[in-house]
Amino acid sequence: DYVRRSRSVHCEPEQIVITPGIQQSLYICSQILFEAKDEVWIEDPAYRGTTAIFEHAVQNIRMVRVPVDEEGIQVEAGIKLSKHARAAFVTPSHQYPLGMPMSLARRTALLAWAKQQNAWIIEDDYDSELRYNGQPFPSLQGMAPDQVIYLGTFSKVLFPSLRLGYAVLPKELVASFCGLRVLIDRHPPAADQHVLAAFIQEGYLERHIRRTRNVYAEVREYIIGLIEKYIPQELAWLQPGDQGMHMVLWLAQHINDIDVASSAVDAGIAIKAISPTFSQEQQRPGLIVGLGDFEPELMRQAIKKLSRIIQQHDKSS
């Protein structure tokens with residue numbers, strides 16, 4: 001009921017398999033969908049946890065890194081690189097790490113390719129709940145339920161230690177997915193599932209999401225203001241976006257983002273370099289800035305420190 005209502009997902013209860021999170025769901029998909037030397041489209045850039053799964057798959061799967069632009073994955077580029085790929089892994093609601101949603105034109109093109117090639121689309125519905133302007137985009141799965149494997153999680157919107165996610169599967173995949181799921185760790189904690197089910201059924205989850213969205217919208221605007229005030233725009237600038245729990249702060253080409261992130265962590269600022277999420281050919285420097293609900297003064301001091309660190313790593317000065 002929740003995914004039908006909130007994400008326009010088309011499914012019956014028997015199509016949903018509970019997992020500890022998206023990472024395990026994706027691992028199971030990598031084991032049951034592919035044979036040796038199959039090719040799979042992966043967005044470029046993409047979450048390192050995703051690319052690591054395919055890099056270490058026992059079937060020797062070949063990743064095809066497909067570039068992303070302001071509309072999402074470039075379907076035409078993917079077709080040129082690997083027309084007959086077995087599947088495409090995408091984050092259409094909120095591309096990780098860049099943050100944009102996939103346009104309707106790209107969604108339509110992606111589904112047309114998948115139908116023509118009889119390929120699977122694995123949809124990671126990353127950060128879909130936290131859109132600050134307008135309504136969240138509906139899922140890809142709702143447009144093609146028999147072609148799309150939909151992966152969701154409660155860890156982000158509730159709390160990370162709640163290891164509960166879910167996969168919504170085409171009916172023909174349920175048995176093989178469940179078979180491997182049982183071999184891995186039997187089942188997630190049943191008590192947590194009962195509590196969360198009641199939490200959803202009584203309407204608390206959607207109320208919690210509305211409150212969370214308001215809190216992070218304020219935090220986001222505050223951090224944007226701090227970055228614009230303290231960090232020189234010729235050295236760093238923000239990627240446009242209006243959703244999610246992080247922002248991308250691009251760095252000037254001559255600044256090493258890995259060095260900046262390392263120095264920031266040493267200074268007590270939790271931040272990540274973005275370049276490792278790209279293929280080697282597409283790498284560019286930037287920082288993934290998380291939206292934590294800290295005290296305003298603590299955030300202000302952190303951005304001021306980060307500004308000093310970026311300027312210290314400015315090799316052009």
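Helices here are DSSP runs of H or I with at least four residues, strands are runs of E with at least two, and both are numbered from the N terminus.

Before I go on: this is a predicted model, where local features need pLDDT of at least 70 and side-chain atom pairs count only at pLDDT 80 or more, while totals for chains, interfaces and linings use all residues. Residues are numbered from 1 along each chain as its sequence is written, and side-chain values use heavy atoms, leaving out hydrogens and water.

Back to α5. Asparagine 118 follows α5 and has a positive phi, near 55°.

Next, α6, residues 174-185. Its 12 residues reach 17 Å from first C-alpha to last, close to the expected 16 Å, where the expected span is 1.5 Å times one less than the number of residues. Which residues of α6 are buried? They are Val174, Phe177, Leu180 and Arg181. Those buried residues fall within an arc of 140° seen down the axis, so they line one face of α6. They pack against β1 (16-19), α2 and β8 (165-168), contact meaning heavy atoms within 4.5 Å. Ala175 and Leu183, on the other side of α6, are exposed. After α6 comes arginine 186, with a positive phi near 70°.

Now a helix pair. The axes of α8 (residues 204-230) and α10 (residues 296-312) come within 10 Å and cross at roughly 35°; axes are lines fitted to C-alpha atoms over the stretch in contact, with angles from 0 to 180 degrees between N-to-C directions. From α8, the residues in contact include Tyr222 and Ile223, and from α10 they include Met299 and Ile303.

Last, aspartate 38, in the loop between α2 (22-32) and β2 (39-44). Why does aspartate 38 count as buried? Because its relative accessibility is 18%. Leaving aside residues up to four places away in sequence, aspartate 38 touches Leu33, Ile61, Arg62 and Arg86.

Terms used: Buried means under 20% relative accessible area, exposed over 50%, partly exposed in between (1.4 Å probe, protein chains only). The arc is that of the directions from the helix axis to the C-beta atoms.
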